[in-house]
Amino acid sequence: MRPFVYERAANAADALELHQDGALYLGGGTNLVDLMRLGVEEPTRLVDVSRLPYDEVEVLADGTLVIGAAVSNSDLAADRTVRETHPLLAQAILTGASGQIRNRATVGGNLLQRTRCSYFQDASKPCNKRDPGTGCPAREGEHHNLAILGHSPACVATHPSDMAVALAALDATVRVQGRDGERTIAFEEFHRLPGNEPERDSNLRDGDLVTAVEVPPLRMPSRYRKVRERASFAFALVSVAAAIRTVGETVPDGTGGVVRDVRLALGGVAHKPWRCRRAEDVLRGAPATEETFMRAAEAELEAAEPLRDNGYKVTLARNLIVRTLIELQEAAS
């Protein structure tokens, strides 16, 4: 591991001042320290922001959650309000990593964790994300768990966060403290698709410090489901965050009313959490039936461009969307 300077920030202004060229922010360190050990990240300075006053979950009068960036994953998943009002968020967190890692990992760090693509994590291999211009060997190499949506010739990596998929479906916004003051970023615009700059995971500017995530009220049944290669401590092959609200009663022909509102996001399929806007457009105002759910899933996945060994993800994503919406509809009836 390359030698580095360690500094503990006293406040946000101090953190911004300490974050100079070659510096990285340190929260729980559950991803960053691993990457430093692998030689993938080699910061000259670590700025510890884990003790800044961003470790609370606040509920505003309208039901909006304001989640501090230093809140641990475990504390967020255990929060009673989160479990009662935004169950898919708690479910997503509990499917990620082990209990010990969730105890250390922070909300801000979770959003900024980097891909688990094996070529990115192996410093002896070429990788455009780690070393721009060297190529993407994953396209022709091992890619069974990589992207089917939104990838580019430069990169086919996927974003690993479960929490981020739930936040994408929840229309969250991210509070950021930057050198020019505080601003908010819509969650759908926070992470980036690879394009020609796969080294850029997000739209943060240099030195930007994530301070909180705002999550608006959710007034419909929701669920997070994840398919993985083993029962625990595994990243998603495909996951879905779903919420749906219908009006009207289920009738004998199988129609479960009409979809009034719906939220869908996929994980494990793209360089960022993938909000399913096409599927949502098909669903709103349509009968809440399996046929409609299937049509919506297929509309979303028309844009898929699977590689040699990950075409199974298209079928898996379609079936996961349909099954999850059916279960939500059945639970609500």
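I looked up the largest cavity and got a volume of about 80 Å³. Of its 15 lining residues, C117, C127, N128, C136 and C155 are the closest to the centre. By class I noted 12 nonpolar, two polar and one charged. My classes: Ala, Val, Leu, Ile, Met, Phe, Trp, Tyr, Cys and Pro are nonpolar, Asp, Glu, Lys and Arg charged, the others, Gly among them, polar.

The model is predicted: local features need pLDDT of at least 70, side-chain atom pairs count only at pLDDT 80 or more, and totals for chains, interfaces and linings use all residues. Residues are numbered from 1 along each chain as its sequence is written, and side-chain values use heavy atoms, with hydrogens and water left out.

On a 1 Å grid over the protein atoms alone, a cavity is a set of points where a 1.4 Å probe fits but cannot get out; a pocket is an open set with protein on both sides within 12 Å along at least five of seven lines; lining residues have an atom within 4 Å of a point. Points join across faces, edges and corners, and a volume is the space filled by probe spheres set on them.

I count three cavities of 30 Å³ or more.

Next I took the second largest pocket, about 420 Å³ in volume. It has 26 lining residues, and R116, C117, N145, L146 and F235 are the closest to its centre. The lining divides into 10 nonpolar, 11 polar and five charged.

**Cysteines**

How many disulfides does a search of the whole structure find? I got zero, taking a disulfide as a pair of cysteine sulfur atoms within 2.5 Å. For C117, the closest cysteine sulfur is in C127 at 6.0 Å, too far for a bond. For C136, the closest is in C155 at 5.5 Å, also too far. C117 is buried, at 8% relative accessible area; buried means under 20%, exposed over 50%, partly exposed in between (1.4 Å probe, protein chains only).

**F120**

I found F120 in helix α8, residues 118-121. Helices (H or I, at least four residues) are DSSP runs numbered from the N terminus. F120 counts as buried because its relative accessibility is 1%. Leaving aside neighbours within four places in sequence, F120 contacts L35, V40, R114, T115, C127, K129 and R130. Contact means heavy atoms within 4.5 Å.

Key. Helices (H or I, at least four residues) and strands (E, at least two) are DSSP runs, numbered from the N terminus.
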